[in-house]
Amino acid sequence: MEQYKNSIYKVITASGTGSGFMISGKNYIITNYHVVEGEREVALEDLYRNRFLAKVVMVNPDIDLAFLRADGLNYENAAIKLNPMVSIANTQKVYINGFPMGLPYTITEGIISSVSQPMGNRQFLQTDAAINPGNSGGPIINSEGELIAVTTAKIDAADNMGFGIRLSEVIK
């Protein structure tokens with residue numbers, strides 16, 4: 001999992017922090033819309049505390065995704081893979097990567113509790129991995145470094161009930 005940490009960034013706004021990540025072969029950072037809502041520019045910080053200014057270039061509030069572009073980043077070193085044919089199954093091991101509570105970079109491990117948990121009029125990936133504020137916008141990846149989902153929410157009143165935006169919605 002260590003080889004993926006250089007693809008993950010802390011997203012810093014006036015109202016708080018979240019996480020974002022680069023995909024191999026793409027020249028943008030993915031995060032949640034709710035992390036950058038109302039912002040045109042945000043700061044990105046890598047795990048070495050280097051800072052970059054990023055522009056919010058595209059948002060989709062309905063899906064809760066945003067795409068950022070920052071000059072000075074080496075997008076060619078992105079290690080997280082986007083595989084539309086990736087296998088996703090209940091009880092599969094997954095890894096949450098990000099900057100919970102604004103702390104330095106962390107990884108938590110869990111399983112997929114549900115590949116298609118209905119909430120509202122959408123379906124989410126549910127995991128038992130620890131998700132905290134600040135993890136929003138970070139990648140949920142499998143052991144091969146393939147994107148499974150984008151961390152988006154958790155249920156505060158429950159223990160380890162976290163949710164991700166499913167890969168099929170990210171690809172759209």
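**Reading a barrel and its salt bridges**

Guide: Gladly! In β12, F124 has I165 as its bridge partner. This is a predicted model, in which local features need pLDDT of at least 70, side-chain atom pairs count only at pLDDT 80 or more, and totals for chains, interfaces and linings use all residues. Residues are numbered from 1 along each chain as its sequence is written, and side-chain values use heavy atoms, with hydrogens and water left out.

Visitor: What makes a strand, and when do two strands pair?

Guide: Strands (E, at least two residues) and helices (H or I, at least four) are DSSP runs numbered from the N terminus. Two strands pair if DSSP finds at least two bridges between them. Here, β9 (residues 122–127) pairs with β12 in the antiparallel sense over four bridges.

Visitor: Over how many bridges do β11 and β12 pair?

Guide: Five, again in the antiparallel sense, with β11 spanning residues 147–154. There, A153 faces F163 of β12.

Visitor: Which strands make up the closed barrel?

Guide: Six strands, in the order β7-β8-β9-β12-β11-β10, with antiparallel pairing. Neighbouring strands of this sheet are turned by 45° against each other on average, direction ignored; the axes are lines fitted to C-alpha atoms, for helices over the stretch in contact, and angles run from 0 to 180 degrees between N-to-C directions.

Visitor: Why is β12 largely enclosed by the rest of the structure?

Guide: Buried means under 20% relative accessible area, exposed over 50%, and partly exposed in between (1.4 Å probe, protein chains only). Four of the five residues of β12 (residues 162–166) are buried, so the strand is largely enclosed.

Visitor: How many salt bridges does the structure hold?

Guide: Five, where a salt bridge is a side-chain nitrogen of Lys or Arg within 4 Å of a carboxyl oxygen of Asp or Glu. One of them joins K10 to E45, with the closest N and O atoms 3.7 Å apart. K10 sits in β1 (residues 8–13) and E45 in β4 (residues 41–45), so this pair ties together parts 35 residues apart in sequence.

Visitor: Which residues are linked in a network of salt bridges?

Guide: K10, E45 and R51. E45 also bonds to R51, at 2.8 Å between the closest N and O atoms. K10 is buried at 10% relative accessible area and E45 is buried at 7%, whereas R51 is exposed at 55%.
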